[in-house]
Amino acid sequence: MARPRHANSVQIPPRIKGFTPVGYCNGECEPLLLYLEELEVIRLLDYEGLSQEEAARLMQRSRSSVTRIYQRARATIAKALVEGVEVKIESGNGFLNCNWFFCSGCKVRFNNPKGNVTNECVLCGSTEIVKMEGCV
Ligand SMILES: [Zn+2]
């Protein structure tokens, strides 16, 4: 499958599929979408402490694109926290830059940078292996 235009390289797949607010929910709120590239830019800038230039190089995008993605991500997170709205993580224009797999047996995520066909978990040996969403 070809990468979408303006695809953003993502180093590590998310551990979760979203967030749910605690203590308040009227059940009528549509979840906010946080795209994979938005989570990646938050991870690189706020969690890892990289500069926007470094993040742009890792994501294979221009610095101005990273700035735009970062602004969208911050706005989504701010709205979720202030208004108490659920957040769901979706793939958007992000792609995982190596082959990641999930084992249904032991719940471990592992990658296979050489891209070889994997049919067995590296940890428990289970054959219940799923290639993670967003891989190209
Ligand atoms: Zn396993």
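Me: Which residues does Phe19 touch, not counting those up to four places away in sequence?

Reply: Phe19 touches Glu86 and Val87 once residues up to four places away in sequence are set aside, where contact means heavy atoms within 4.5 Å. This is a predicted model, in which local features need pLDDT of at least 70 and side-chain atom pairs count only at pLDDT 80 or more, while totals for chains, interfaces and linings use all residues. Residues are numbered from 1 along each chain as its sequence is written, and side-chain values use heavy atoms, with hydrogens and water left out.

Me: Where is Phe19 found, and why is Phe19 called exposed?

Reply: Phe19 sits in strand E2, residues 18-19. Strands (E, at least two residues) and helices (H or I, at least four) are DSSP runs numbered from the N terminus. Phe19 has a relative accessible area of 58%, so it is exposed: buried means under 20%, exposed over 50%, and partly exposed in between, with a 1.4 Å probe and protein chains only. Between Phe19 and Lys88 the distance is 6.5 Å, C-alpha to C-alpha, although they are 69 residues apart in sequence.

Me: What is the order of the elements from the N terminus on, and how many helices and strands are there?

Reply: The order is β-β-β-α-α-α-β-β-β-β-β, which comes to 3 helices and 8 strands. Of the 136 residues, 35% count as buried. Among contacts between residues at least 6 apart in sequence, 69% join residues at least 24 apart.

Me: What makes H1 largely enclosed by the rest of the structure?

Reply: The buried residues of H1 number 9 of 12, so this helix is largely enclosed by the rest of the structure. The buried residues are Leu36, Glu37, Glu38, Glu40, Val41, Ile42, Arg43, Leu44 and Leu45.

Me: Why is H1 called oblique to H2?

Reply: Helix H1 (residues 36-47) packs against helix H2 (residues 52-59) at an angle of about 135°, with the axes 10 Å apart. That angle makes H1 oblique to H2: under 35 degrees is roughly parallel, over 145 roughly antiparallel, 65 to 115 roughly perpendicular, and the rest oblique. Glu37, Glu40, Val41, Leu44 and Leu45 of H1 make the contact with Gln52, Ala55, Leu58 and Met59 of H2. By class, these residues are 6 nonpolar, 1 polar and 2 charged. Ala, Val, Leu, Ile, Met, Phe, Trp, Tyr, Cys and Pro count as nonpolar, Asp, Glu, Lys and Arg as charged, and the others, Gly among them, as polar.

Me: Why is H2 called roughly perpendicular to H3?

Reply: H2 and H3 pack at about 100°, and their axes are 8 Å apart. This value makes H2 roughly perpendicular to H3. On the H2 side the contact is made by Gln52, Glu53, Ala55, Ala56 and Met59, and on the H3 side by Arg63, Val66, Thr67, Ile69 and Tyr70. The residues of this contact are 6 nonpolar, 2 polar and 2 charged.

Me: Which residues of H2 are buried, and what covers them?

Reply: Gln52, Ala55, Ala56 and Met59 are the buried residues of H2. Their arc around the axis is only 100°, which puts them on the same side of H2; the arc is that of the directions from the helix axis to the C-beta atoms. The cover includes strand E1 (8-10), H1 and helix H3 (63-83).

Me: Where is Gln60 placed, and why is Gln60 called partly exposed?

Reply: Gln60 is in the loop between H2 and H3. Its relative accessible area is 46%, so Gln60 counts as partly exposed. Phi of Gln60 is near 60°, a positive value in a residue other than glycine. Most residues other than glycine have a negative phi.

Me: What makes Arg63 partly exposed, and which residues does Arg63 touch?

Reply: Arg63 lies in helix H3, and its relative accessibility of 42% makes Arg63 partly exposed. Not counting residues up to four places away in sequence, Arg63 touches Gln52, Glu53 and Ala56.

Me: Where is Glu128 found?

Reply: Glu128 is in the loop between strand E7 (109-112) and strand E8 (129-131). Apart from neighbours within four places in sequence, Glu128 is in contact with Phe102, Cys103, Ser104 and Gly105. Glu128 and Ser104 are 24 residues apart along the chain, and their C-alpha atoms are separated by 5.5 Å.

Conventions
Axes fitted to C-alpha atoms, helices over the stretch in contact; angles between N-to-C directions.
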